[in-house]
Amino acid sequence: MKNSSYKHIGISVSVIILLIIIYQIFTILNQDDIFFPGINDIFAKLGEIIGSKDAVLLLTLLGKILIVLVASFLISLFIHFINYVFKYNVDIVNPIMFIIKACPFAIVSVYLYILLFKNKEIIPYIVCFLVVFPVVYEGVKQALSIDKDIVSELSLLPGPRYMKYTRIYVPLAISPMLITLLQGISLGVKVMVMAEYICSLNNSIGLIINNAKLELDFSTILAWLILLVVLIIIFDVGINLLKKKMDSLK
């Protein structure tokens with residue numbers, strides 16, 4: 001397992017180095033410092049961002065995504081609970097999820113921006129929720145689905161029922177929930193920043209990127225791109241390591 005992890009990290013690092021080399025060759029061939037700033041300029045800007053108060057916006061972004069994830073998780077649990085209690089024969093959730101997934105969210109963001117201009121601070125939350133919620137709903141659905149054979153075997157085991165479900169069911173549910181968490185964070189980062197950009201939300205990464213676009217400051221745009229990609233990679237590696245750890249304990 002360790003060898004495969006090291007191999008995966010090695011391949012990822014090699015790809016990143018290859019992309020940097022390709023970009024550097026591209027900048028030399030184009031000789032355009034505005035649209036294709038040099039690697040040194042990008043990393044200098046990256047250092048400026050990390051050393052400034054703007055770096056706190058990354059924590060703010062994660063806080064917003066966490067709110068959306070928690071709300072999506074609680075609503076998903078509520079829907080599954082209602083469906084379990086009342087046992088609806090007609091599936092009304094999947095068509096709604098299909099419609100939500102089919103929505104072009106850039107257009108939805110613009111429409112909400114016009115509709116809720118005076119309260120535009122909530123628009124990124126709404127747009128992010130519409131993207132993240134179907135993913136979380138499916139993850140919760142998978143986590144709550146127990147194989148009938150496992151249920152029948154659990155009934156034959158001695159001991160309190162809640163103890164049997166806790167020891168058997170919880171480890172089985174953790175893996176899909178961790179994958180759902182990773183997908184939610186990855187999608188959330190992309191969608192939240194996009195919505196902030198469209199709404200030009202104060203004190204946000206989206207506003208900084210929008211201002212950089214107007215000033216043709218592409219080194220700032222690329223520096224923030226690198227920061228956001230690194231952020232997603234950190235969560236990807238962390239959650240996958242945690243998932244492997246939990247799988248090894250089963």
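**Exercise 1.** In which loop is Phe117 found? Determine also how accessible Phe117 is.

*Solution.* Some conventions come first: the model is predicted, local features need pLDDT of at least 70, side-chain atom pairs count only at pLDDT 80 or more, and totals for chains, interfaces and linings use all residues. Residues are numbered from 1 along each chain as its sequence is written, and side-chain values use heavy atoms, with hydrogens and water left out.

Step 1. Phe117 sits in the loop between helix 5 and helix 6. Helices (H or I, at least four residues) and strands (E, at least two) are DSSP runs, numbered from the N terminus.

Step 2. A residue is buried under 20% relative accessible area, exposed over 50%, and partly exposed in between (1.4 Å probe, protein chains only). Phe117 has 48% relative accessibility and therefore counts as partly exposed.

Step 3. Phe117 and Cys199 are separated by 82 residues in sequence, yet their C-alpha atoms are 8.5 Å apart in space.

**Exercise 2.** Describe the chain as a whole: how many helices and strands does the chain have?

*Solution.* Step 1. There are 10 helices and zero strands. Read from the N terminus on, the order of elements is α-α-α-α-α-α-α-α-α-α.

Step 1. Of the 250 residues in the chain, 32% are buried.

Step 2. Contact means heavy atoms within 4.5 Å. Among contacts in the chain with a separation of 6 or more, 74% join residues 24 or more positions apart.

**Exercise 3.** At what angle do the axes of helix 5 and helix 6 cross, and which residues make the contact?

*Solution.* Step 1. Axes are lines fitted to C-alpha atoms, for helices over the stretch in contact, and angles run from 0 to 180 degrees between N-to-C directions. The axes of helix 5 (residues 105-115) and helix 6 (residues 123-144) come within 10 Å, and the crossing angle is roughly 150°.

Step 1. Angles under 35 degrees count as roughly parallel, over 145 as roughly antiparallel, 65 to 115 as roughly perpendicular and the rest as oblique. Helix 5 and helix 6 are therefore roughly antiparallel to each other.

Step 2. Helix 5 contributes Phe105, Val108, Ser109, Leu112 and Tyr113 to the contact, while helix 6 contributes Ile123, Ile126, Val127, Leu130 and Val131.

Step 3. For the classes, Ala, Val, Leu, Ile, Met, Phe, Trp, Tyr, Cys and Pro count as nonpolar, Asp, Glu, Lys and Arg as charged, and the others, Gly among them, as polar. The contact of helix 5 with helix 6 has nine nonpolar residues, one polar residue and no charged residues.

**Exercise 4.** Which residues of helix 4 and helix 6 meet?

*Solution.* Step 1. Helix 4 (residues 93-102) packs against helix 6 at an angle of about 140°, and their axes are 9 Å apart.

Step 1. From helix 4, Val93, Asn94, Met97, Ile100 and Lys101 meet Leu130, Phe133, Pro134, Tyr137, Glu138 and Lys141 of helix 6.

Step 2. By class, this contact of helix 4 with helix 6 has seven nonpolar, one polar and three charged residues.

**Exercise 5.** Is His80 buried or exposed, and with which residues is His80 in contact?

*Solution.* Step 1. His80 belongs to helix 3. His80 is buried, because its relative accessible area is 14%.

Step 1. Neighbours within four places in sequence are left aside; His80 is then in contact with Tyr137, Val140, Lys141 and Leu144.

**Exercise 6.** How many residues has the largest nonpolar core, and which helix gives the most to this core?

*Solution.* Step 1. A nonpolar core is a set of buried Ala, Val, Leu, Ile, Met, Phe, Trp, Tyr and Cys residues joined through side-chain atoms within 4.5 Å. The largest one has 38 residues, and those with the most contacts inside it are Leu58, Leu61, Val127, Val189, Ile205, Trp224 and Leu228.

Step 1. At least two residues of this core come from each of helix 2 (39-50), helix 3 (56-86), helix 5, helix 6, helix 8 (161-199), helix 9 (205-214) and helix 10 (218-248). Helix 8 gives the most, with nine residues.

Step 2. Apart from neighbours within four places in sequence, Trp224 is in contact with Ile49, Asp54, Leu58, Ile205, Ile208 and Ile209.
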